[in-house]
Amino acid sequence: MKKILFLIICMSGAFLVDAQNKFTLSGYIRDSLSGETLIGASITINGLGKGVNSNQYGFYSITLPEGSYPINVSFVGYKVQQSTIALSQNTVLNFSLLQRSVLEEVVVSSRRKDGNVENAQMGRIDLSMTQIKSVPVIFGEVDILKTMQLLPGVRNAGEGNTGLYVRGGGPDQNLIMLDDAIVYNTGHLFGFFSIFNSDAIKNTSLIKGGMPAQYGGRLSSVLDVAMKEGNMKRFEVEGGIGLIASRLSIQGPIKKEKASFIISARRTYIDVLVKPAVKKSSDFYGSGYHFYDLNTKVNYKFSEKDRLYLSGYFGRDVFTFNNARRAFKANIPWGNSTATLRWNHVFNRKLFANTTVVYNDYGFSFGATQNDFSLKLSSGIRDWNAKLDFDYYPSPQHRVKFGGLLTYHTFVPNVLTGNQGDTQFDPNNESTKYAAESALYVQDDWEISPKLKVHAGLRYSSFTQLGPYTIFERDANGNKTDSTKYRRWQSIKSYGGFEPRLTLRYSLNDETSVKGSVTRNLQYIHLVTNAGSTLPTDLWVPSTYRVQPQISWLYAAGFFKNFNDNTFETSVELYYKTMDNQIEYGEGYTPSLKDPEEEFVFGKGWSYGAEFFVNKARGKLTGWVGYTLSWTWRKFAGLNDGEKYPAKYDRRHDLSVVGIYEINKKWKLSAVFVYGTGNATTLPERFYIVNGILTQEYSKINQYRLPAYHRLDVSATLTPKQKPNKRLQTYWVFSIYNTYSRLNPYFIYFDQTGNALSGSLEVEARKVSLFPVIPSITWNFKF
């Protein structure tokens, strides 16, 4: 017994000595000119092969044995800061990095140069705003989502559209967040522009595979967008004037090094430009369309341990239509509103916490009047969300993250009201639905050895439909025969389950690695659509006693290799994904005031493919080539005679080529070429004349393909030499969208001429295209 006690005392003593000889270096990494924290900046310990990246708020922590260490601190677009640290006690050290006067390298990723090989995370790409602003887009409007569509595994919803379809998933299967607030509708102008104002954005991260456990509620991907915090040191004004929209941002310190703010606004002036061309005598005078965005953020640093952020977004599309001849007026506004309150707290050198409270609201409204008759249709979704996240750095080999969240959802269905004169119409609208969603998670980045690294996580999520709500029983004719009422907060139906996440990376050498991942995801809310893109009339619905949550398993494997001192990054990723409890409308569906759940059919889906990616990260010529070969299928017992069919977002071949060439300090050229297999579509195959009326017989679902889609966009950026002692900086962007004016098909319809009775009837398929060649020019300024 004495020997055992002596051995325990010796082992404890050795542990204490070891613990006493290890110390933690922690702090924040910031921009030296603005004070903005830098997300994903690298701290590298030279000679040890150890390092850590700063988290979403610029915080880092690394524990090392006592000693002296040469350290490199780096971030894309900034000069590398080198220093030697004598670590003899726990030390708090903040780094301020200086931007390069001329950007010497433009990279897709803001990670360390070999990050794509070394990181365990698969399918993650961090885009810098410098990269995004260099890509030519329609009308010269910088667009985050359109740049994402140029990456392998991500495709668009159609010509000019901002919807994302990732690895065979639908537009509702992407978790899109702005400062931790979920964005339910990402498009302006019926989806042709995204809601993200580039001047207000600091960082954008896309995760399309191996989703970490901190994220959930969606099957396919995560797009995490972080807003700027505001310059802590001086006031700045920047903006731009384009062909159809202008933007203006103002930021600066409220109290230097203590508090700052940013306000960023954008508005189109299509309505202003068109109005002079429409005569007041015209029947359509007063019709128009515009959209606007407002981003705001303030933050206050109480100390190096506590910081408070308050951010918000408000955006609206407004479409008005007047027809004086018919005394008809319509007003259609829709948009998002979000507010995020976050508190950062450093408990100690190894433990960082963030507490978040979020409110978000998406609403759609349609109002119309004709003479003394009026009606209004509205729908939407509203959330209150609270979550707590912890970052724990026990050792250089581990970075642990854990936390939980709770969300209260309110789903407003299509609610119709109207009146004619003094008569009020209140149809029997479906009830508002309520639900509570919660989750707990833990994950760890574990470097087992220099060759083997594991990213493992586990998430448990639950979802409960809550009262007040009434469930009606109906007879064969749809008449209500009985009901069950649920009081407020009473549970109606609950779902839940574990969501394991695992990614492995094995390094073959310093420039080569192989990775594999498997993830399970649950999705409890669904976007119900009867069209091929995210339109404002689409309806978000919860999982209920009739609608089960969507479930997916994603399996992926990849080979990653860099060349020429990490100048060229290459990768090949293979994936296979299953999706259960998919939702579609039944055959013959027509919109009505009935609960849409009664019109749903349920089935399954699966997708698989290969993604090839070559990225040139440094030098005067940068850019990438991405190619995806993929298949996406759906199968529903109640559709297509129960046979499988290609999903509407199935695309066999998808190619993107992006090139950016910096000629000198004044001129920069960029070009984008895209090619994709045509969209799957359903077309009529036979025409019959029944009682003098032309009748169509359609093919099986998505049996045909539209012609292939391809186009070339080019742009040139001119940055005039800045005058000495002048703060004003300007640059011009000249761009051409669809350079060779390819008339890509938007949809096909059938036109008829002649007369059936005389035998001269002819039916001809016609293609509708949206955008020919479109030149544009934008003037940007900053002071």
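## Charges over rings

The charged end of Arg155 sits over the ring of Tyr165, 5.8 Å from the ring centre. Lys515 lies over the face of Phe560, 4.2 Å from the centre. Here, a charge sits over a ring if NZ of Lys or CZ of Arg is within 6 Å of the ring centre and within 35 degrees of the ring normal.

## Model and conventions

This is a predicted model; local features need pLDDT of at least 70, and side-chain atom pairs count only at pLDDT 80 or more. Residues are numbered from 1 along each chain, and side-chain values use heavy atoms, without hydrogens and water.

## Aromatic pairs

The count comes to 34 aromatic pairs (Phe, Tyr and Trp rings, the last by its six-membered ring, with centres within 6.5 Å; planes under 30 degrees apart are stacked, over 60 edge-to-face, the rest tilted). Phe193 and Phe291 form a tilted pair, 6.0 Å centre to centre, with 40° between the planes. Phe193 lies in strand β15 (193-194) and Phe291 in strand β21 (288-301), so the pair ties together parts 98 residues apart in sequence. Strands are DSSP runs of E, at least two residues, numbered from the N terminus.

Phe193 is buried, at 3% relative accessible area. Phe291 is buried too, at 1%. Buried means under 20%, exposed over 50%, partly exposed in between, with a 1.4 Å probe and protein chains only.

One aromatic cluster is formed by Tyr28, Tyr57, Phe59, Tyr309, Phe352 and Tyr393.

## Tyr661

Tyr661 is placed in strand β41 (653-662). Tyr661 is partly exposed, with a relative accessible area of 37%.

Methods
Helix = DSSP H or I, 4+ residues; strand = E, 2+ residues; numbered from the N terminus.
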